[in-house]
Amino acid sequence: MAAAGTYALIIVLAAVAGWLGVLLLRSRRRHRVAIEERGWLLERERQSAARAAVEAERARIARELHDIVSHNVSLMVVQASAAREVLATMPGEAETALQAVEGAGRAAMTELRHLLGLLAPSPDGEDDDPPEADLSPSPGLSGLSTLIDRLAFAGLPAEVRISGEQRSLPPGVDATAYRIVQEALTNALKHAAAGAKAEVTIRYAERYLRVEVVNTGPSVLREGDGAVTSADDGAGRGLLGLRERVAVYGGDLDARRRLGGGYRVRARIPLERP
């Protein structure tokens with residue numbers, strides 16, 4: 001009787017052990033499947049993040065190339081046209097305009113070399129540019145006076161007003177502010193009527209940097225029917241790129257025609273507390 005009970009107990013224990021073993025195997029299988037699925041999801045997220053990073057970098061490069069090429073080529077076209085008009089009658093003025101074309105071309109090449117050097121540095125770490133080449137960081141507001149002088153020489157005089165306590169800005173914000181002014185003035189030079197002028201306002205507030213560029217021009221009020229055209233938001237590639245630049249820092253940019261005439265570009269970029 002006791003032996004029969006012992007055998008029954010052994011059978012029960014064996015059955016329980018087998019059942020537990022099956023549960024353990026199933027649990028391990030489920031755990032392995034979960035790990036594989038998690039790894040697949042992580043890999044998918046990694047690939048998605050990598051694609052997003054590549055797209056963001058392409059967009060950044062496109063913006064930089066647009067800013068560099070559009071500004072300098074616009075200056076070159078304006079000065080070359082001026083040189084052609086006075087070549088026969090005023091050779092001295094024509095030579096000055098051609099020198100401006102050469103300067104804009106050299107500036108474009110320098111900025112392009114700098115950009116390409118950042119994207120694809122030499123494998124041996126040596127720079128192919130000559131020692132005298134200017135490989136300084138991206139331009140900032142410290143280079144605003146040079147920009148204004150170049151555009152004034154090209155035919156667009158601009159007045160600069162700076163208010164608030166000037167202070168050092170983060171490099172990205174500094175470059176973005178410069179590009180806003182550059183793009184707005186370049187567009188004004190290309191599209192504004194003869195005799196147009198521009199005003200640039202840089203305001204250092206406690207928590208924001210405000211940048212505004214306004215140029216004069218004909219009123220958007222139509223003559224005859226008294227209708228008013230709608231204010232056109234800037235939709236060009238350059239202005240779209242500026243909006244993206246400003247949005248990176250949590251700011252906003254508005255670009256539109258003014259009812260009184262001309263065009264206005266206004267941006268507000270948040271800053272950390274000084």
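**Entry 1: ground rules**

Arg-161 was my test case, and its relative accessible area of 42% makes it partly exposed.

I noted that this is a predicted model, in which local features need pLDDT of at least 70 and side-chain atom pairs count only at pLDDT 80 or more, while totals for chains, interfaces and linings use all residues. I also noted that residues are numbered from 1 along each chain as its sequence is written, and that side-chain values use heavy atoms, with hydrogens and water left out.

**Entry 2: the whole chain**

I looked up the secondary structure and found 5 helices and 5 strands. Both kinds are DSSP runs numbered from the N terminus, helices being H or I with at least four residues and strands E with at least two. I then wrote down their order from the N terminus: α-α-α-β-α-β-β-α-β-β.

I checked burial next, and 30% of the 274 residues count as buried. The accessible surface comes to about 17,500 Å², and carbon and sulfur atoms hold 57% of that. Such areas come from the Shrake-Rupley method with a 1.4 Å probe, and for residues only the protein chains shown count as cover.

I also looked at contacts, meaning heavy atoms within 4.5 Å. Among those between residues at least 6 apart in sequence, 71% join residues at least 24 apart.

I turned to helix 1, which covers residues 2-86 and holds Arg-29. Which residues form a positive surface patch with Arg-29? I found Arg-26, Arg-30 and Arg-32 there. Lys and Arg count as positive and Asp and Glu as negative, while His and the chain ends are not counted. Arg-29 is partly exposed, because its relative accessibility is 43%.

I wrote down the patch rule as well: members have over 30% relative accessible area and no salt bridge, like charges are joined within 9 Å, and nonpolar side chains (Val, Leu, Ile, Met, Phe, Trp, Tyr) are joined within 5 Å. Each charge is placed at NZ of Lys, CZ of Arg, CG of Asp or CD of Glu.

I then found a nonpolar patch of about 380 Å², made by Val-16, Trp-19, Leu-20 and Leu-23. Leu-23 also sits in helix 1, and its 33% relative accessibility makes it partly exposed.

I moved on to helix 4, residues 171-191, to look at Thr-186. Is Thr-186 buried or exposed? It is buried, because its relative accessibility is 1%. Leaving out residues up to four places away in sequence, Thr-186 touches Ser-70, His-71 and Ser-74.

Asn-187 is in helix 4 too. At 19% relative accessibility, Asn-187 also counts as buried. Beyond its neighbours within four places in sequence, Asn-187 contacts Ala-192 and Leu-239.

**Entry 3: salt bridges**

I counted salt bridges and got 6. One needs a side-chain nitrogen of Lys or Arg within 4 Å of a carboxyl oxygen of Asp or Glu.

I looked at Glu-199 and Arg-161, whose side chains meet at 4.0 Å, N to O. Glu-199 is in strand 2 (residues 198-204) and Arg-161 in strand 1 (residues 158-164), so the pair links distant parts of the chain, 38 residues apart. Glu-199 is partly exposed at 35% relative accessibility. I saw that Glu-159 joins Arg-161 and Glu-199 in a network of salt bridges.

Another pair is Glu-212 with Arg-266, at 2.7 Å from N to O. Glu-212 belongs to strand 3 (residues 208-215) and Arg-266 to strand 5 (residues 263-270), so this bridge ties together parts 54 residues apart in sequence. Both are partly exposed, Glu-212 at 21% and Arg-266 at 40%.

I ended with Arg-256 and Asp-254, where the closest N and O atoms are 2.8 Å apart. Arg-256 is partly exposed at 27%, and Asp-254 is partly exposed at 21%.

**Entry 4: a loop residue**

My last stop was Ser-142, in the loop between helix 2 (91-119) and helix 3 (144-154). Ser-142 counts as exposed because its relative accessibility is 73%. Its C-alpha atom is 9.8 Å from that of Ala-175, which is 33 residues away along the chain.

Methods:
Buried means under 20% relative accessible area, exposed over 50%, partly exposed in between (1.4 Å probe, protein chains only).
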